[in-house]
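Me: I would like to learn how to read the packing inside a protein. Can we go through it step by step?

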Amino acid sequence: MTNSKVILSGKGVTKVFGFGAHKTVAVDHVDFSFRQGEVISIVGESGSGKTTLAKMLLGLTNLTEGEIYFDGQLRDIRSTKRKREYWKNIQAIFQDPFSAYNIFRKIDAVLLDCIRMRGGAKLPYEQKVELMREACKFVNLKFDELTNKYPFELSGGQKQRTSLAGVMIDDVNILLFDEPLANLDPATGKTAIEIIDDIHKKSYKTVVIIEHRLEDVLHRSVDRVILINDGRIIADLNPHDLVSSPLLTENGIREPLYVTALKYAGVKVSSKMLPGYITTLNADAVRESLTKWYDSIQFETRENSNPSILKMEDISFSYDGSRSILNDINIEVHNGEMISIVGRNGAGKSTLSKLLCGFEREDRGVIFYRSEDIRRFSIKERAEIIGLVMQNPNQMISKPMIYDEI
């Protein structure tokens with residue numbers, strides 16, 4: 001991509017929140033450049049400044065200092081009209097694909113909203129439908145199958161594709177993804193990366209992926225990985241050079257697990273091994289060391305003999321009375337155990353937690369706490385014995401100040 005032109009760049013880009021003693025520097029004099037057709041991944045731990053930088057790129061928050069250039073020209077978004085013109089060239093898909101839409105409107109209405117937001121309100125309805133069909137086709141969605149569905153009826157992967165279709169209604173130059181894998185299971189996350197890769201190959205868009213899960217992003221090829229910490233760019237490297245260095249772990253990012261395994265096996269990871277992707281890694285050169293390390297591992301089997309603290313017996317549940325979400329679930333948790341419940345998006349994990357907390361009531365079966373049937377326990381009474389931390393922490397915070405919340 002070195003021969004393609006620079007489409008978006010920044011010099012001394014800075015964002016400061018607050019004043020005086022309460023001042024926080026979120027992005028600190030950052031220089032960057034993205035070329036036409038590049039795929040760039042921006043990684044950094046929580047609070048490193050990734051999302052703030054994304055909002056600055058999109059024009060959703062003002063710069064404190066510095067300048068951003070689009071297509072060689074100083075970006076000017078001081079008026080609403082100029083912002084709309086700029087947004088025709090850069091669009092974002094956020095962590096929650098439907099955060100900007102009314103989730104109680106059907107999918108065709110959601111896509112129509114996208115057309116209206118992009119200045120197409122006066123187009124004939126037939127032309128709008130054709131735009132929606134083409135956009136859905138581009139991301140391998142069947143428009144006719146979606147028109148009578150609501151967003152909450154879609155799987156995580158379908159939501160991502162639909163959100164992408166909404167963005168692809170405009171022929172934008174830059175697609176920015178802000179933690180697109182955060183709410184997806186590993187398999188669906190890989191599918192999402194494959195969709196993004198497919199769109200890039202078809203359209204030659206500039207793609208910027210902001211994500212914690214670097215190994216999942218590296219399921220497909222990226223040109224550069226930009227590592228951010230404390231609002232500053234720590235590294236701007238190709239994947240092979242980056243995962244060969246200690247920079248990821250030093251800055252709070254989990255390196256790909258296969259790289260960690262190589263280190264456990266005593267292998268010195270170098271960029272010559274092409275370790276940026278598991279598909280390019282020269283495994284033959286390290287096979288003997290890996291096999292020897294694996295054979296030396298002693299696997300432990302742990303049994304918990306403590307009394308039962310929580311038990312779900314023959315639990316079944318359906319939201320609509322026809323499609324079963326949980327069917328004959330039998331789980332027993334012993335005092336002091338740490339249990340992990342895993343499954344793909346839509347498997348019923350969150351539904352199971354809702355039943356335990358009393359937010360929903362099981363159709364059949366019994367839930368026991370220390371051998372006591374808690375069917376008649378109120379939500380408040382269950383909250384005194386079962387503490388819940390939600391997927392979205394914003395749903396748990398109700399006060400404007402953290403002191404008051406605590």
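Reply: Start with one side chain in this predicted model. Leaving aside neighbours within four places in sequence, Phe177 is in contact with Ile93, Leu164, Ile196, Val207, Val208, Ile209 and Ile210.

Me: Which residues touch the most other members of the largest nonpolar core?

Reply: In soluble globular proteins, nonpolar side chains tend to be buried together. Here the largest nonpolar core has 48 residues, and those touching the most other members are Leu164, Phe177, Ile209, Leu214, Val222, Leu248 and Leu262. Helix H7, residues 186–203, supplies the largest share of this core, with five residues. There is also a second, separate core of 26 residues, and Leu8, Phe34, Met56 and Ile68 are among them.

Me: Which nonpolar residues form a patch on the surface?

Reply: The patch consists of Phe359, Ile379, Leu388, Val389, Met390, Met396 and Ile397, which together have about 590 Å² of accessible area. Phe359 lies in the loop between helix H13 (349–357) and strand E13 (364–369).

Me: Why does Phe359 count as partly exposed?

Reply: Buried means under 20% relative accessible area and exposed means over 50%. Phe359 has 38% relative accessibility, so this residue counts as partly exposed.

Me: What do the totals for the protein look like?

Reply: The protein has 406 residues, of which 43% count as buried. Its secondary structure comes to 15 helices and 14 strands. Of the contacts between residues at least 6 apart in sequence, 64% join residues at least 24 apart. The accessible surface is about 23,400 Å², and carbon and sulfur atoms account for 50% of that surface.

Note on methods. Residues are numbered from 1 along each chain as its sequence is written. This is a predicted model: local features need pLDDT of at least 70, side-chain atom pairs count only at pLDDT 80 or more; totals for chains, interfaces and linings use all residues. Side-chain values use heavy atoms; hydrogens and water are left out. A nonpolar core is a set of buried Ala, Val, Leu, Ile, Met, Phe, Trp, Tyr and Cys residues joined through side-chain atoms within 4.5 Å. Buried means under 20% relative accessible area, exposed over 50%, partly exposed in between (1.4 Å probe, protein chains only). Helices (H or I, at least four residues) and strands (E, at least two) are DSSP runs, numbered from the N terminus. Contact means heavy atoms within 4.5 Å. Patches are made of residues with over 30% relative accessible area and no salt bridge: like charges are joined within 9 Å, nonpolar side chains (Val, Leu, Ile, Met, Phe, Trp, Tyr) within 5 Å. Accessible areas come from the Shrake-Rupley method with a 1.4 Å probe; for residues, only the protein chains shown count as cover. A salt bridge is a side-chain nitrogen of Lys or Arg within 4 Å of a carboxyl oxygen of Asp or Glu.
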